[in-house]
Amino acid sequence: MNDFTHNPSDLAEAPSQAMREIKFRQPLFDNGKFKNWHYWGFISEGKFVGVAIGDKTIQEAKKTSQQFTGLYDKNGKDIFEGDILSNGYGKALIVFEHGKFGLKFDDGYLRAIKSRPDFEIIGSIYENPELLK
């Protein structure tokens, strides 16, 4: 039975616990290839860490930044927008659409992200773009 949906209202908003961490990760590149992540936002005891600019403008740097969903995979790893997840049956990309986070599957279906303890992060759109092919 296929329980996926195209309905944008089915995408889950980030959890409404007391307050989730407001943090982002920004891919850093060396000669056009992914190098590592720079984490920014309110990530350390309520202190703000800024965007890494390098040779980009702040607006350009923010365009590639990905937000933390407030959720964790089955191994306890933070799930960010742009992560590629697998549950052994298929892969899904974490997206932020219609003001909500969701899972976009290989066939284009969107599904609520909510709590996904059966999924594991296997990569990201910057580290492993080949996983989306």
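Colleague: What share of the contacts in the protein chain with a separation of 6 or more comes from residues 24 or more positions apart?

Modeller: This is a predicted model, so to speak of local features I need pLDDT of at least 70, and side-chain atom pairs count only at pLDDT 80 or more, while totals for chains, interfaces and linings use all residues. Residues are numbered from 1 along each chain as its sequence is written, and side-chain values use heavy atoms, with hydrogens and water left out. A contact means heavy atoms within 4.5 Å, and of the contacts in the protein chain with a separation of 6 or more, the share from residues 24 or more positions apart is 53%.

Colleague: In what order do the elements of the protein chain run from the N terminus on?

Modeller: Helices (H or I, at least four residues) and strands (E, at least two) are DSSP runs, numbered from the N terminus. By that reading the protein chain has 1 helix and 10 strands. From the N terminus on, the elements run β-β-β-α-β-β-β-β-β-β-β.

Colleague: What percentage of the 133 residues in the protein chain do buried residues make up?

Modeller: Buried means under 20% relative accessible area, exposed means over 50%, and partly exposed lies in between, using a 1.4 Å probe and protein chains only. Of the 133 residues in the protein chain, the buried ones make up 36%.

Colleague: How many of the 6 residues of strand 8 are buried?

Modeller: Strand 8 has paired neighbours, where pairing requires that DSSP finds at least two bridges between two strands. Strand 7 and strand 8 are antiparallel over 6 bridges, and strand 8 and strand 9 are antiparallel over 3 bridges. Strand 8 is largely enclosed by the rest of the structure, because the number of its 6 residues that are buried is 5.

Colleague: Which residue in strand 9 is the bridge partner of Leu 103?

Modeller: Strand 8 and strand 9 form a hairpin with 4 residues between them, and Gly 108 in the turn has a positive phi of about 90°. Across this pair, the bridge partner of Leu 103 in strand 9 is Arg 111.

Colleague: Which residue in strand 7 stands opposite Leu 85?

Modeller: In a regular strand the side chains alternate between the two faces of the sheet. In strand 6 (residues 83–86), Asp 83 and Leu 85 point one way and Ile 84 and Ser 86 the other way, and all are buried. Strand 6 pairs with strand 10 (residues 120–124) in the antiparallel sense over 4 bridges, with Ile 84 opposite Gly 123. On joining strand 7, to which 3 antiparallel bridges run, Leu 85 stands opposite Ala 92.

Colleague: Is Leu 110 buried or exposed?

Modeller: Leu 110 lies in strand 9 (residues 110–112). Leu 110 and Ala 92 are 18 residues apart in sequence and 9.0 Å apart in space, C-alpha to C-alpha. With a relative accessible area of 8%, Leu 110 is buried.

Colleague: What is the relative accessible area of His 98?

Modeller: His 98 has a positive phi of about 55° although it is not a glycine, and its place is in the loop between strand 7 and strand 8. His 98 is exposed, with a relative accessible area of 55%.

Colleague: What is the relative accessible area of Asn 31?

Modeller: Asn 31 also has a positive phi of about 55° although it is not a glycine, and Asn 31 lies in the loop between strand 1 (22–30) and strand 2 (33–44). Asn 31 is exposed, with a relative accessible area of 77%.

Colleague: Over the face of which residue does Arg 25 lie?

Modeller: A charge sits over a ring if NZ of Lys or CZ of Arg is within 6 Å of the ring centre and within 35 degrees of the ring normal. Lys 23 lies over the face of Phe 68, at 4.7 Å from the ring centre. At 4.0 Å from the ring centre, Arg 25 lies over the face of Trp 37.
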